Number of protein chains: 2
Amino acid sequence: MLQKALEFASQNNERFLAELKEVLAIPSISTDPEHKADMQKAAEWMAAQLRTIGMNNVQIMPTGGHPVVYGDWMDAGKSAPTVMIYGHYDVQPADPLELWQTPPFEATVRGENLFARGSADMKGQVIASLKAAESVMYAGDMPVNLKWLIEGEEEIGSEHLDNFIKNHKELLKADFCLNADAGILAPDKPSITTGLRGLAYFELKVYGPKKDLHSGLYGGAVHNPAQALAELIAGMHDKNGKITLPGFYDKVRKLSKKEREDFARLPLPNKLYIEQTGVPALWGEPNFTVPERLGARPTLEVNGLLSGFTGPGSKTVLPAWAMAKISCRLVPDQTPEETIKQMKKYLKENAPKDITWELTYLHGAGAALVGSDNIGIVALSKAMQSVWGRKPYFLREGGSIGVVVQLQKHLGVDSVLSGFGLPDCDAHSPNEKLHLPTWTKGIDAFIHFFYNLK
Amino acid sequence: MLQKALEFASQNNERFLAELKEVLAIPSISTDPEHKADMQKAAEWMAAQLRTIGMNNVQIMPTGGHPVVYGDWMDAGKSAPTVMIYGHYDVQPADPLELWQTPPFEATVRGENLFARGSADMKGQVIASLKAAESVMYAGDMPVNLKWLIEGEEEIGSEHLDNFIKNHKELLKADFCLNADAGILAPDKPSITTGLRGLAYFELKVYGPKKDLHSGLYGGAVHNPAQALAELIAGMHDKNGKITLPGFYDKVRKLSKKEREDFARLPLPNKLYIEQTGVPALWGEPNFTVPERLGARPTLEVNGLLSGFTGPGSKTVLPAWAMAKISCRLVPDQTPEETIKQMKKYLKENAPKDITWELTYLHGAGAALVGSDNIGIVALSKAMQSVWGRKPYFLREGGSIGVVVQLQKHLGVDSVLSGFGLPDCDAHSPNEKLHLPTWTKGIDAFIHFFYNLK
């Protein structure tokens, strides 16, 4: 009945898109307390969808933070595999708003793309998996049991999901998890992600004088906290782009010859990254290729800086404090816990005595790596081959997905990572977009995937 | 008739304070285009005051920016000296607003202080000079000719004043200028400022990727512009706090033995600066005392930093750009023009090729130093001795006052710098305040000063 499901999907593509636009209109920004009601609204929308496509036991479950949406369908029987399908209904903040060509929460089609916050990351991917399941349910022969886990805190580190999973081990038992929160290499280059970097996200505040001072009256006799922060940040990398936090590389798993060969085979020339980012030149550890730097090497990034006067014009102020948001991407076998210690040690050893500092750990997750013999990876690989007519690439991605680590830790459940965002989809940036032809192929690929698990 | 003037001032002190509160209620923030109407309102208030106290030829004169208020009284005759009295009616922005105990534009007396933006810098000082003149005018024997020059752009670098002075050389001719935009050391330690540092104020922007990127997807392969900016800023000082801009110290005038002795005599122990600023320890060039660092040594300060995500919570963004406001305090014989070249040279030599940068020079002024035999300094010194019962200290201040340089350059007019702000007055900071007993003494000192010039 594969054909019946594919035809249903094809005939209903316009409605699927309309429903996607509907959920993209909800500004479910998890980090912003002002959008709490929108978070609830998005959760309810997801729950209604699950009921509509025939799932049972649909619930909006409290977590201590934003709720989890759960639903299942267990009628394939005990001998059939149980697939957990993970998604998140929350999105990143949309600022800077002035850089959006069309409003972030009014999904707009321009050319082959749908522009909206969350279109690629990841409401588009959630809807693709829902619509694939709907199509197979319509065909009437869903061959696997399904469990949906749709959370609302992915963009803020899945903080409460860890406990939620720990407290619902029986409910969430599954053979593996399909997680569509990754992307593929290009519209004609399907790929499956087997590795993810972890994360440790910090806020570092440096305090100098008890209040903002006149820079003329005190400048030269007081260590400017913005300068002190700049000095601390500058010292976190050496001249070769290596991170200087004490012990930072101790646990980093070395790449095998085979792994380096796999990386070398990826169709990712440096030119591509230059085009995608628009930088004058690439940067990073000289002994590693760019895909290695992004997939298999840890990083330390400044995500934000704030101090003193930042408006138009000038103000001759010596600021009382300076703040940086700093995050490390982690690789196997680093852990956020150790990274916190390393960051603290660096600050203790390097912060001068004429300022004080405060480090807040905001959130994090370990790195993940899945074997290519996983039944989900096999089924999805075959599905992609059917839809694209070519084998997918296997790659490691630079982003961090907390749930992948949590499912492994608490349930022993591996995640099969795919999804149909493209490298230029501008997730987390203005004008985030979803490539619609790829999205439609993605729905088909998920339909094949379900049948491949029979 | 000195006594008559002093009595008038004493009897009218309460009214003087009420008038000061009135002008402090006008949020004349010169850097903020939204306050343009308030700037006009403040100028009109000043013009009305000049008329009320008996000045002639009162005009609000266009400058291309915020207007200058002018008024004069030339009836002392050709043989009497002509004193220019300089002031500014503009103030710094009041942010961060949440740190003010009472609203910045509702002047409030608490204890011996009057709290308001502009109370110390410098509406309080302008009113003190106006009220001293009013008292002497009332006594009926003003011994000097007066010319008032009250500008509206001091807090943004007196940009248009330079041309204004150049274009009104005849109108502004004077023997010297009394400029009350400085302060005294303590309520019981009167002082006159003989030197001022200059200023060169920059905005530096570092650009990396063409848009904000997902830090997981690109982190490690792209030079983070916030990190690159931090590296550039960190490199602007060496480990001893010396500025590394090429040639920065070449023109810095060396301190003579006599000058270093004068500095050493100032009642300014390090403890005082620690108390005033609240820093854990002082900082700066090890071979210079703190008063030397502040008065006779150039500096480079970060006045503001902005990049990426700075709200509450976290956003895993690799920012497209990072910005710093940076200003140098200059000493004789440095010039802003040379500092711009040095800053550009530093950036050209040190900015990496994987980012681009843009340097905007916002404004500046040269440094100034006045001889202690100037007739205005002699008259004010004597006046302070009469009111405080002790000789004033002579010092150099760290701030920059563009008009001092401009008057010297175009008219050959030296400035006598005093005023009755205290080191803890929080000019440019939240809860700016004016110490009222010192202010009242200041009015008396200015009354004496006029008579001392007879």
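Reply: A residue is called buried here if 20 or more other C-beta atoms lie within 10 Å of its own. With that cut-off in hand, and bearing in mind that this is a predicted model, we can turn to strand S3 of chain B, which spans residues 82-88 and is mostly covered, 7 of its 7 residues being buried. The burial concerns both faces of the strand: Thr82(B), Met84(B), Tyr86(B) and His88(B) lie on one side, Val83(B), Ile85(B) and Gly87(B) lie on the other, and every one of these residues is buried.

The strand also has partners within chain B. One of them is strand S6, residues 145-151, which runs parallel to S3(B) and is joined to it by 7 bridges; within this pairing, Tyr86(B) stands opposite Leu149(B). Another is strand S7, residues 176-179, which pairs with S3(B) in the parallel sense over 4 bridges, and here Met84(B) is the residue that stands opposite Cys177(B).

How does chain B relate to chain A? A rotation of 180°, with 0.0 Å of shift along its axis, superposes chain B on chain A with an RMSD of 0.0 Å. The two copies are thus related as by a two-fold rotation axis. Moreover, 100% of the interface residues of chain B are also interface residues in chain A, so the copies meet through the same surface.

Taken along the principal axes, the C-alpha atoms of chain A fill a box of roughly 80 × 50 × 45 Å. Buried residues account for 58% of the 454 residues in chain A, and among its contacts between residues at least 6 apart in sequence, 80% join residues at least 24 apart.

In soluble globular proteins, nonpolar side chains tend to be buried together. In this model the largest nonpolar core holds 246 residues, of which Ile447(A), Phe450(A), Ile447(B) and Phe450(B) touch the most other members. To take one of these residues, Phe450(A) is in contact with Ala132(A), Val136(A), Met142(A), Pro143(A) and Val144(A), once its neighbours within four places in sequence are left aside.

Technical notes
Residues numbered from 1 in each chain as written. Chains lettered and ligands numbered in written order. Predicted model: local features only at pLDDT ≥ 70, side-chain atom pairs only at ≥ 80, totals over all residues. Buried ≥ 20, exposed ≤ 12 C-beta atoms within 10 Å, placed from the backbone. Contact = placed C-beta atoms within 7 Å. Core = buried A, V, L, I, M, F, W, Y, C linked by C-beta atoms within 7 Å. Helix = DSSP H or I, 4+ residues; strand = E, 2+ residues; numbered from the N terminus. Pairing = 2+ DSSP bridges. Least-squares fit on C-alpha atoms with pLDDT ≥ 70 in both.
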